[in-house]
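Please go through the model below with this report beside it.

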Amino acid sequence: MKRINSSVLLVGLACLCCWAAMTEARLSRQHRKLEDKEYMAYKDPRQPIETRINDLMDRMTLDEKVAQMAQLDRGSVTEELMKEHNIGSVLNGGESLPRVGLTAYEDIDMINKFQNWSLQSRLAIPMVYGIDAVHGHNNVYKATLFPHNVGLGVTRDPDLMKRIGAATAAEVKATGIQYVFSPCVAVCRDPRWGRCYESFSEDPSIVRQMTEIIAGLQGEVPAEQKGHPYIGGKEKVAGCAKHYVGDGGTTKGINENNTAIDRNGLLEIHMPGYLDSIDKGVCSIMVSYSSLNGVKMHANHDLVTNYLKNTLKFKGFVISDWQGVDKITYPFHSNYTYSVLAGVTAGLDMFILPFNYTEFHDIVLDLHSKNLISDSRIDDAVYRILRIKFIMGLFDNPMADYTFVDRLGCQAHRDLAREAVRKSLVLLKNGKKPDTPFLPLPKKANRILVAGTHANNLGYQCGGWSITWQGVSGNNNTVGTTILGGIIATVYATTEVVHSLNPDPNFIKSSNIDYAIVAVGEPPYAETKGDNLNLTIPEPGPSIISNVCSVVKCVVIVVSGRPLVIEPYLPMMDALVAAWLPGTEGQGVADVLFGDYGFTGKLARTWFKRVDQLPMNVGDKNYDPLFPFGFGITTEPHMSYLKSASVGRKSRTRRKLVLLCKMVLLVTLQIFGCFHT
């Protein structure tokens, strides 16, 4: 038997070890490659947001990037669009009507259905769902509707705005929605404009104060993050400052018209609200339909890209208005290829199409292939959109849940809205003689009359953008308290309240009425349908004022989205209150009328005498208003009236106790009678 050479054995062993090491290294490299292929940094919440965005964008095709730039109405969304194209956003349009009685649970289920489709796309990029929530969650049945901005500006109360923002965010989240087209930071310079009630004031300094609503909607941005988009928790939503820029300064207040103003005027009047919005971390800015010195804002590269993005360093995304790109040319949609090119190159990032995605997609790809739209422009748009989605936490928690459903229309929010109503009222006249105030009204009276078109109409007191885009009439469309309902709940138990929309003067004379409350104003409207060159109170409002106030002492409550022609009727009134558009909590009007709270509101816009004076704003050379900017008669809560309210409640309780005692006595007598026999 031959002995094996030890050196040969060692060489063989060494070769075996080398082969094993090489095999292990090769397998290790293959394993790492496999791990690298499976690892997606954009899905890793441990990674910085910028790293996640860059990783995701490196994986995206041009088709997928263009899809992120689109926002479609919910009625246009299909499973195929969301799965195959991965559409970036969906919205509830103003005419996407809610079904009366639709629950928050059903809303959440619908939105989760859309989101599930998005998550089944190649890269599973979540969609963001948006809605107009301009005075609360205004398109939803049973939601709390706050006063419109025209009334909130009167309060000059940033803390109130922050609380309203927080309440609105909670109610929006109650239905699973993550994004709101609010606040409107327009500076309305002419009340003939149909959107004037969406503006806080004619004074940019008040508008700046009211941007505190962003801190409520999105959360208080930390000091070190000021100027950067921010979302402060699951109970918050992304906001949208609108409509950039100059929408409130159009000629004669014509909606979507031209604003003629020099650069200094633009920066001093219409721009300041955006500076504060950006500072507070607003996530998006919506561009205005209007033009500036003849240039459509949807096509204004100088103001969108050069100023907003480059000078102001806005890091959120810029979104078009509803079909705003279609309106760049006239007639509407007449040269859509040019309009898309103008909108994209101006610097718009997301486009509310809202119906035809295929046409938009094909045009963008065609323009890109011709080098008319650059890769860098598309990448800028998508980067901004994805940044907000990551900040919102959508990649880590894309699905809505039922956590906040009990917050929709909850009592705490209604109490807040009632407070806002009280603070938004402006007392313009109080007594026919300076030393004889008419308000507060006595709760204890024999008989009082409540009249007018707006006294018992919840839809009218909410105005436009309430349940539907143009608003509604009547009391069956949502839940709330009318002005009449608030009065009945406030007066003394024995006070008879007579309600008549337009009572005959002879009826009033024969009815032994102690005093009358007349509520008149405008019917609901929104946008262009609200443009009005005469600003008179529609009939039968003036007739009701004349019929009632000519025969009995009266207070007139004007329910409107702006000042109206009131001077001809002023002498016959004992008191005049501007209630604006108070929303669902009409009890707040009664709170102040009867002295439980004092009047504190000061006009945030000038009340003109005649429309031929318009536009007329505080600081103008020929300033001659009926009631000047900042005017408002203040009153103190009247303790005697507070006491009478308590007495009223006690009297009701006393009657119940008396009835109970009678029942006890009757039972006792019956028992006694039984024992006696």
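How far is the sulfur of Cys 184 from the closest cysteine sulfur? The distance is 9.4 Å, to Cys 188, which is too far for a bond. A disulfide here is a pair of cysteine sulfur atoms within 2.5 Å. Cys 184 is buried, with a relative accessible area of 4%. Buried means under 20% relative accessible area, exposed means over 50%, and partly exposed is in between (1.4 Å probe, protein chains only).

## Model and confidence

This is a predicted model, in which local features need pLDDT of at least 70, side-chain atom pairs count only at pLDDT 80 or more, and totals for chains, interfaces and linings use all residues. Residues are numbered from 1 along each chain as its sequence is written, and side-chain values use heavy atoms, with hydrogens and water left out.

The protein chain averages a pLDDT of 91 (the predictor's confidence in each residue, from 0 to 100). A score of at least 70 is reached by 88% of the residues. Contact means heavy atoms within 4.5 Å. Residues 641–677 also stay under 50, but for this stretch the model has 22 contacts beyond four places in sequence.

## Cysteines

The disulfide count comes to two. One joins Cys 188 to Cys 196, with an S to S distance of 2.1 Å. The torsion about its S-S bond is about -105 degrees, so this disulfide is left-handed. Both ends are buried: Cys 188 has a relative accessible area of 0%, and Cys 196 has 1%.

The other disulfide is formed by Cys 549 and Cys 554, their sulfur atoms 2.0 Å apart. With 110 degrees about the S-S bond, this link is right-handed. Cys 549 is buried at 7% relative accessible area, and Cys 554 is buried at 0%. In sequence order, the bonded cysteines of the protein chain pair as 1-2, 3-4. Cys 410 is buried as well, with a relative accessible area of 17%.

## A parallel sheet

Helices (H or I, at least four residues) and strands (E, at least two) are DSSP runs, numbered from the N terminus. Two strands pair if DSSP finds at least two bridges between them.

Three strands form an open sheet in the order β5-β7-β10, with parallel pairing. Its edge strands are β5 (240–244) and β10 (317–319), each pairing on one side only. The twist averages 25 degrees from one strand to the next.

β5 and β7 pair over four bridges. Here Cys 240 has Ser 284 in β7 as its bridge partner. Strand β7 (residues 284–287) and β10 pair over three bridges. Ser 284 also stands opposite Phe 317 in β10.

Five of the five residues of β5 are buried, so this strand is largely enclosed by the rest of the structure. Helix α12 (residues 301–311) lies across β5, β7 and β10, running at about 140 degrees to β5. Axes are lines fitted to C-alpha atoms, for helices over the stretch in contact, and angles run from 0 to 180 degrees between N-to-C directions.

## Salt bridges

The structure holds 34 salt bridges. Each is a side-chain nitrogen of Lys or Arg within 4 Å of a carboxyl oxygen of Asp or Glu.

| Pair | N to O distance |
|---|---|
| Arg 377 and Asp 349 | 2.7 Å |
| Asp 380 and Arg 384 | 2.9 Å |
| Glu 522 and Arg 562 | 2.9 Å |

Arg 377 sits in helix α15 (residues 375–392). Its partner Asp 349 is in the loop between α13 (336–346) and β11 (351–352), 28 residues apart from Arg 377. Both Arg 377 and Asp 349 are buried.

Asp 380 and Arg 384 are four residues apart in helix α15, so about one helical turn separates them. Asp 380 is partly exposed at 26% relative accessible area, whereas Arg 384 is buried at 9%.

Glu 522 lies in the loop between β15 (515–521) and α20 (541–549), and Arg 562 in the loop between β16 (554–559) and β17 (575–578), so the pair ties together parts that are 40 residues apart in sequence. Glu 522 and Arg 562 are both buried.

Elsewhere, salt bridges link Asp 157, Asp 159, Arg 163, Glu 419 and Lys 423 in a network.
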